[in-house]
Structure formats: structure tokens, C-alpha cells
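Open your viewer and get the selection tool ready.

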Amino acid sequence: MDGPTDSEKEKQDTALRARACALLEGGVLPRSKAARSWGGRGSGLPCALCGNAIAESGPEIELEFDGTASSPSLRFHLQCHSLWETLRRRTDEPDWIAIETRLPPFDTVVEARLSLSGSRSVILGIVRVRGRAGASEWLNATTNSALPASWRPLEWRQPAGIEPSVAEAAPKRA
Ligand SMILES: [Zn+2]
């Protein structure tokens, strides 16, 4: 077989992710949103995440932060930048709660990780509603229709910035 196999690619991704986490924890990479960002052609300078040169043949994202005089700008490969974005944001988001630990409140849209067939999973907005005989049923929050029986919620969290169910408690201010 030529080129990296899937498991080698996965290993590289895991290593890069671990490096990104370490850099974020060590404060080398900021968690704050960039004040300014530019996209352009690679400068040949090292990427702030992986440390490899950003080739001129590929795209580069350059970020500028306020109040960090020591490191006025950071350069990333496109994919390194999106990894940093994902990981830095993760910290301001609430933790996932396992379904076995605690069920989400009724009639409230939550973000859930669902197990599909086999090892696949998906993150989706869902609502827990009271079904027949008081059992929980799950609705797709976007389509308002029941989830396929084979889609099993594994864990959930309240999307950041959304108040717990106010649908019934508060009068509508329409
Ligand atoms: Zn990189």
C-alpha cells in the first residue's frame, strides 16, 4: 500500500490534537478569539501549531491578537487553524453529560451526541418529550419528528447561552 494508512493518519491527527491541547494549556496558543485574521498564500514560516513550514503552495491563516505584545501575530496551516478554533472554543462550552448519568429536561432543546448504526455518531439538536406510558421519546429539534429507533443518544449538553426551558414558565413576549 502507498501513502499513510488510515490508522497512521489517525495517529497523526491524535498527535496534532494532543500538541494543540498542550500548547493551549501552556498558554503558548491563546484561547481568545483573534482580533483580526487574514487568509493568504503560505509564507514559508513555521505554523504556530504543528511547527512545520507553511508551504507557498498552500493557504495560510494569519491571526492578530489584541493585548499580546510579545506575540503580535500567529500563522497557521488552514487545517491547524480549524483545529485550534475547535479546541479553544471547547473550553467555554459546557461539559457533555452521559445519558445514563442524567437525562436532559423535558421539552428543552439540547445538543446531543447520538450513536447511529455501527460505530458512527452524530451531534444533533434534540428534544426529550414525554411519550406514551411516560417513557422518554426523542425528537429532532430541527424537523420536530421522532428520531429513527436505531439512533441512541449517548450524551448531551445545554447549548451555551440558552436558558433552560422557559417555554411554559414565561409568558411569550411576541
Ligand atoms: Zn500546521
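Start with helix α1 (6-25), which gives the most to the lining of the largest pocket, with 5 residues. Helices here are DSSP runs of H or I, at least four residues, numbered from the N terminus. This is a predicted model, where local features need pLDDT of at least 70, side-chain atom pairs count only at pLDDT 80 or more, and totals for chains, interfaces and linings use all residues. Residues are numbered from 1 along each chain as its sequence is written, and side-chain values use heavy atoms, leaving out hydrogens and water.

Now select K9, Q12, D13, L16, R17, H77, Q79, C80 and L83 to show the whole lining. A pocket is an open set of 1 Å grid points, over the protein atoms alone, where a 1.4 Å probe fits, with protein on both sides within 12 Å along at least five of seven lines; lining residues have an atom within 4 Å of a point.

Next, pick C80 in that lining. C80 counts as buried because its relative accessibility is 2%, the limit being under 20% relative accessible area with a 1.4 Å probe, protein chains only. C50 is buried too, at 17%.

Finish at R88 in helix α2 (residues 78-90). Is R88 buried or exposed? R88 is buried, at 6% relative accessibility. Show its contacts (heavy atoms within 4.5 Å): leaving aside residues up to four places away in sequence, R88 touches L24, P30, R31, S32 and K33.

How values were computed:
Helices (H or I, at least four residues) and strands (E, at least two) are DSSP runs, numbered from the N terminus. Buried means under 20% relative accessible area, exposed over 50%, partly exposed in between (1.4 Å probe, protein chains only).
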